[in-house]
Amino acid sequence: RGDPPRGVEDWTPPVGALTSAAELAALVADETGLCIVGACYPESTDLGAVRAKVAAGVSVLITQLFFDTADYFRLVGALRADGIEVPVLPGIIPIGSIAQLDRMTELCGATVPEALRRELDARAHDPAAVVDFGVAYATAQCAELLAGGAPGLHFYTLNRSPATRAIVSALRAAGRVPAPR
């Protein structure tokens, strides 16, 4: 169904349009038999909406970006308690700049833990230090998620792969992910 156009508050989907992600998943699953991947939100997931997506054919979930691994583990626990057993990949974004972080969290409603914000603010005068810290933070986040049972990782790269490559290299060096074949 898409999002309403920016700035439009009184919006209704076109006649005959899909009205939910579950409807879209069902349409694609019925028509193609493809593996359908759906979104979920680790900080505020509507279990009914996720249940509907899975019933419609979603077989893997990817979370919206988040910065507190406890949010991911709470989400997975809630899904499992609700009988939703599909794999849930955590969505990770390496922090490239404070402005980017603020823009992304405003768009998606994610929160930035106070300790993370303090560390970033302490480096605000040095963009390279922000990037380095962002890579280190995401690497630690990924290691914790994998150690806690996450079935894999999804990276939001925003067409900038060096930070993600650095994270994967660090995880590989620590034995958290296998070497390429």
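These questions and answers walk through a predicted model.

Visitor: In what sense do β1 and β2 pair, and over how many bridges?
Guide: β1 covers residues 36-40, and β2 covers residues 58-65. The two strands run in the parallel sense, and their pairing counts 5 bridges.

Visitor: What is the handedness of the unit made by β1, α2 and β2?
Guide: Helix α2 spans residues 47-56. Together with β1 and β2 it makes a β-α-β unit. That unit is right-handed.

Visitor: Which residue in β2 is the bridge partner of C40?
Guide: C40 belongs to the covered face of β1, with I36 and G38. V37 and A39 make up the uncovered face. Across in β2, the bridge partner of C40 is T63.

Visitor: Is T69 buried or exposed?
Guide: T69 lies in helix α3, residues 69-81. Buried means under 20% relative accessible area. T69 has 8% relative accessibility, so the residue counts as buried.

Visitor: With which side chain does the side chain of T69 make a polar contact?
Guide: Leaving out residues up to four places away in sequence, T69 touches Q141, E144 and L145. The polar contact, at 2.8 Å, joins the side chain of T69 to that of E144.

Visitor: How many disulfides does the structure hold?
Guide: A disulfide needs two cysteine sulfur atoms within 2.5 Å. The sulfur of C108 is 13 Å from the closest one, in C40, and therefore too far for a bond. The number of disulfides in the structure is 0.

Visitor: Is C35 buried or exposed?
Guide: C35 is in no disulfide, and its nearest cysteine sulfur, in C40, is 14 Å away. Exposed means over 50% relative accessible area. At 53%, C35 therefore counts as exposed.

Key
Residues are numbered from 1 along each chain as its sequence is written. This is a predicted model: local features need pLDDT of at least 70, side-chain atom pairs count only at pLDDT 80 or more; totals for chains, interfaces and linings use all residues. Side-chain values use heavy atoms; hydrogens and water are left out. Buried means under 20% relative accessible area, exposed over 50%, partly exposed in between (1.4 Å probe, protein chains only). Helices (H or I, at least four residues) and strands (E, at least two) are DSSP runs, numbered from the N terminus. Two strands pair if DSSP finds at least two bridges between them. A crossover is right-handed if, with the strands pointing away from the viewer, the path from the first strand over the helix to the second runs clockwise. A polar contact is a pair of N or O atoms within 3.5 Å; within protein, one must be able to donate a hydrogen and the other to accept it, and residues adjacent in sequence count only if both atoms are side-chain atoms. Contact means heavy atoms within 4.5 Å.
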